[in-house]
Amino acid sequence: MFSGAVKISDISDFIHPSQDCVVSIGGTKEAILTSELDESGMVQVQRPRTAGALQKDAGAQAAAPVATLGAHPPPSPVTISLNDCLACSGCITSAETVLLQAQSTAQLLGKLEEARAGGHLRVAISLSPQSVVSLAVAAGQAPALTQSRLAAALRALGAHAVFSTAPARDLALADAAAEAVGRLRAAARSPRAGEESAAPRLPVLASTCPGWVCYAEKTHGAWVLPFLSRTKSAQAVTASLIKGSWAAGEGVAPEDVFHCSIMPCFDKKLEASREDFTLGIEGSSRRVAETDCVLATAEVAALLQERGLRLDSPLPGEEVGLDTVPRPASPGRGLVGRAGWMGAVHAGSGSYMEAVLRGVASELHGVELEEGTLVTQAGRNPDIQETSLDVASKTVFRAAAIYGFRNIQGLMRRLRLGKCPYDYVEVMACPSGCLNGGGQLRPSPGQTPAQLIQAMEEGYHAWRGDLTPGALGDSDMLAGPWLDPGSAARLLHTQYHHREKSAASVLKDW
């Protein structure tokens, strides 16, 4: 029980700004943005009016006819980029409330029209399985059929290629397991006398959720960053493959590929805007984003409806299916080749907890867990699921899946106090995980949110063919020794940054 007199901020599962946007105009600290709601309810960010300008307006109004009193030219709008939102420490994310010019259906349609006009531009679109399942439940049909029809619809709009993020998720899962194994081995080695241990921190905290990563960087900062996993998300790995090996195979430069990702979460727009997920252009200091645009499931559904493309009816070309990303031509010793234990993982948020536990069991203890042998136990609520690995009647590894900011707050408190019992934690900002992302389709009339989530979970778990690692894209993507250490780092690894919290956000509740 919390006292009614105590106000705890920034723990709501409903993501919203906690202060006004404070992006500076023209690099001057004095310039503060003011935000107002227009008639449509969208936030319009405008330039502030200085005292001198207000006095000038007042003088002009005094000399003007009554009919023109109060009239003045509207100030020019200020553009706020997603990079600004990442740099700001006033909120967890601003993707759902700040008026953004980029990463919209209009941007995608503009690029599709540009590609149809000729030239070098190629438009590639990647699909998350969670988005496909959301659309499938709404259409009342199997996810595999929905995915084929969605790919056909996007090609009808002008897309050159449509991929799934599932193969990239395979690589991310394998690397996440390899990282956990490496950290556990390093932690087991005792430091020399008089030396501090330089072993990576435990527990490993999954970093595939951009809402959680932004929250960690802004709210908790430097002390928590060493715990975050180095592994990129499936979206980021897919983007690297598309603008790398696929672009090379098409004979176009990375900057001539427009990559749009369809995701269950608005926060993926923020992930795509991170400086870490950009690609350098050969012979230039300029960098391009690996993911140019992210559309939420609901945004894509609205676009298809607007264009008269129905997923519950046959579409020309639906038999073609998805395109495949060729594996990079990079010789060397494989880092993620031993992943036969991944064939059983298919949980709704990517299966990171299960994949890591199976990898640890196989690599460190020689135990191959069969499908269905993983047992989880609910914690204080259903959004905390715990599991462990027992060898010779001894618990050797503990893991958990923790969803929702309220539960994440509890995890952070235990971690600060040194009382976190886990070796690995799959952390997701959304309650119920990625299938319940903020960008997913809402319940149909007469359907409760719980019923919708259950329907999506059932559809996702039954969709074995496309969710089994290696089933999409190259069937031997994980089988061959094709990643040398340098290529693996560029393709699979990322980093994090401490973002200073502004004084305004610290004092907003006083």
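1. Start with W223. At 22% relative accessibility, this residue counts as partly exposed, because the buried class stops at under 20%. The model is a predicted one, and every value below is computed from it. W223 has an aromatic partner, F227. The two ring centres are 6.3 Å apart, with the planes at 75°, so the pair is edge-to-face. F227 is buried, at 8% relative accessible area.

2. How many aromatic pairs does a search of the whole structure find? The count is three. Another of them joins Y215 and F405, again described as edge-to-face. Here the centres are 5.2 Å apart and the planes make 65°. Y215 sits in helix 7 (residues 210-220) and F405 in helix 12 (residues 405-416). The pair therefore ties together parts that are 190 residues apart in sequence. Both partners are covered: Y215 is buried with a relative accessible area of 1%, and F405 is buried with 0%.

3. Four strands form an open sheet in the order 4-3-6-9, and the pairing is parallel. Strand 4 (161-164) and strand 9 (293-296) are the edges, each pairing on one side only. Neighbouring strands are turned by 25° against each other on average, direction ignored.

4. Strand 6 (residues 257-263) and strand 9 run parallel and are joined by four bridges. Which residue of strand 9 is the bridge partner of I262? That partner is L295.

5. Helix 5 (residues 143-156) deserves a separate point. This helix has 14 residues and reaches 20 Å from its first C-alpha to its last. That is close to the 20 Å expected at 1.5 Å a residue. Is helix 5 mostly covered or mostly exposed? Mostly covered: ten of its 14 residues are buried. The buried residues include P143, T146, Q147 and S148. R149, L150, A151, A152, A153 and L154 are buried too. Just after the helix, G158 takes a positive phi of about 120°.

6. Last, S349. Where is S349 found? This serine is in the loop between helix 10 and helix 11 (352-365). Its relative accessibility is 6%, so S349 counts as buried. The side chain of S349 makes a polar contact of 3.5 Å with the side chain of Y403. A polar atom of the S349 side chain also lies 2.9 Å from the backbone nitrogen of C434. Leaving aside neighbours within four places in sequence, the contacts of S349 are Q130, Y403, E426, M428, G433 and C434.

Note on methods. Residues are numbered from 1 along each chain as its sequence is written. This is a predicted model: local features need pLDDT of at least 70, side-chain atom pairs count only at pLDDT 80 or more; totals for chains, interfaces and linings use all residues. Side-chain values use heavy atoms; hydrogens and water are left out. Two strands pair if DSSP finds at least two bridges between them. Helices (H or I, at least four residues) and strands (E, at least two) are DSSP runs, numbered from the N terminus. Axes are lines fitted to C-alpha atoms, for helices over the stretch in contact, and angles run from 0 to 180 degrees between N-to-C directions. The expected span of a helix is 1.5 Å times one less than its number of residues. Buried means under 20% relative accessible area, exposed over 50%, partly exposed in between (1.4 Å probe, protein chains only). A polar contact is a pair of N or O atoms within 3.5 Å; within protein, one must be able to donate a hydrogen and the other to accept it, and residues adjacent in sequence count only if both atoms are side-chain atoms. Contact means heavy atoms within 4.5 Å. Rings of Phe, Tyr and Trp (its six-membered ring) pair if their centres lie within 6.5 Å; planes under 30 degrees apart count as stacked, over 60 as edge-to-face and the rest as tilted.
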